[in-house]
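Welcome! Please take a moment to look over the sequence and the model before reading on.

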Amino acid sequence: CTQDACSAQSARAGLCCGRGGSEFKAYLKSQAYRVYTSRQLAALAVRDVADPFNLLSVLGSAAIVVGSSSHSIYGPGMPGLARATGVTLTENMTDEFFGTFLIPSLDHQAPGFRRMPNRGFWRRLAHCGTQVFWTRSQTGHPMVNYSSLVGTIAEQGVAVTYVPFRRTGWGAAAERVGLDYATAPIGNLIGEFLPQVASHINVRVVF
């Protein structure tokens with residue numbers, strides 16, 4: 001749309017002048033590729049960690065670990081929950097540091113998962129799986145998803161230094177990395193389809 005698209009003459013022609021204009025602009029902005037500076041990527045990583053939904057998921061994960069076994073390595077009760085929450089949050093921070101800040105700063109890949117709301121169901125489903133290994137750069141060009149492939153290995157390498165009683169060695173590390181690769185599409189599936197599901201049940205979800 002041009003700058004004067006909603007002038008009196010253009011408005012009579014029905015060009016770009018609707019109540020949903022602001023939502024449409026927001027959608028276009030969210031889907032547009034952009035080049036990030038290192039400072040912007042760092043701010044994005046901090047915002048991802050501090051997001052209320054992320055903090056709630058961290059707390060929920062820790063509560064499941066402690067609540068499912070009173071003999072967990074973190075101990076029972078609130079002290080155990082606090083220790084488990086601290087470890088889970090630190091893992092999340094490590095993952096954001098490598099996956100959202102450091103690696104995209106070096107290889108200029110687009111951070112995060114990008115939805116494909118206008119494609120067919122099977123194409124979107126396949127996208128959720130392949131995005132773990134194949135993504136796009138900040139300018140929209142296809143590229144290997146180093147944030148996922150390398151970032152997961154780096155996060156596991158760092159986590160072994162502070163996660164209590166974690167098994168060491170190449171075999172144990174390979175198991176954890178493989179599990180992370182296998183479960184990564186779950187988060188993509190939620191990000192891809194949950195907004196659409198929420199729109200059909202009249203629940204407003206903000207990511």
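Please keep in mind that the model is predicted.

**The core**

The largest nonpolar core is made of eight residues: Ala-62, Val-66, Tyr-74, Leu-81, Ala-84, Val-87, Ala-159 and Val-163. Two elements, H4 and helix H5 (77-107), each give two or more residues to this core. H5 gives the most, with three residues. As background, nonpolar side chains tend to be buried together in soluble globular proteins.

Leaving out residues up to four places away in sequence, Tyr-74 touches Val-65, Val-66, Gly-80, Arg-83, Ala-84, Val-87, Val-163 and Pro-164.

**Leu-59**

Next, find Leu-59 in helix H4, which covers residues 52-68. As for Thr-85, it lies 26 residues from Leu-59 in sequence, yet the two C-alpha atoms are 5.8 Å apart in space.

**Aromatic rings**

How many aromatic pairs does the structure hold? There are five. One of them joins Phe-97 and Phe-98, and it is edge-to-face because the ring planes meet at 80°, with the centres 5.2 Å apart. Phe-121 and Trp-122 form another edge-to-face pair, with 5.1 Å from centre to centre and 75° between the planes. Phe-97 and Phe-98 also form one aromatic cluster together with Phe-101.

| Residue | Relative accessible area | Class |
|---|---|---|
| Phe-97 | 39% | partly exposed |
| Phe-98 | 16% | buried |
| Phe-121 | 46% | partly exposed |
| Trp-122 | 66% | exposed |

**The second largest pocket**

Our last stop is an open space. The second largest pocket holds about 330 Å³. It is lined by 14 residues, and those closest to its centre are Tyr-33, Met-116, Arg-123, His-127 and Arg-136. Helix H6 (121-130) and strand E1 (134-136) are the elements that give two or more residues to the lining. Sorted by class, the lining has four nonpolar, five polar and five charged residues.

Key
Residues numbered from 1 in each chain as written. Predicted model: local features only at pLDDT ≥ 70, side-chain atom pairs only at ≥ 80, totals over all residues. Heavy atoms only, no water. 1 Å grid on protein atoms, 1.4 Å probe; cavity = no way out; pocket = protein on both sides within 12 Å on 5 of 7 lines; lining within 4 Å. Points joined across faces, edges and corners; volume = space filled by probe spheres on them. Helix = DSSP H or I, 4+ residues; strand = E, 2+ residues; numbered from the N terminus. Nonpolar A, V, L, I, M, F, W, Y, C, P; charged D, E, K, R; others polar. Core = buried A, V, L, I, M, F, W, Y, C linked by side-chain atoms within 4.5 Å. Buried < 20%, exposed > 50% of the residue type's maximum accessible area, 1.4 Å probe, protein only. Contact = heavy atoms within 4.5 Å. Phe/Tyr/Trp six-rings, centres within 6.5 Å; stacked < 30°, edge-to-face > 60°.
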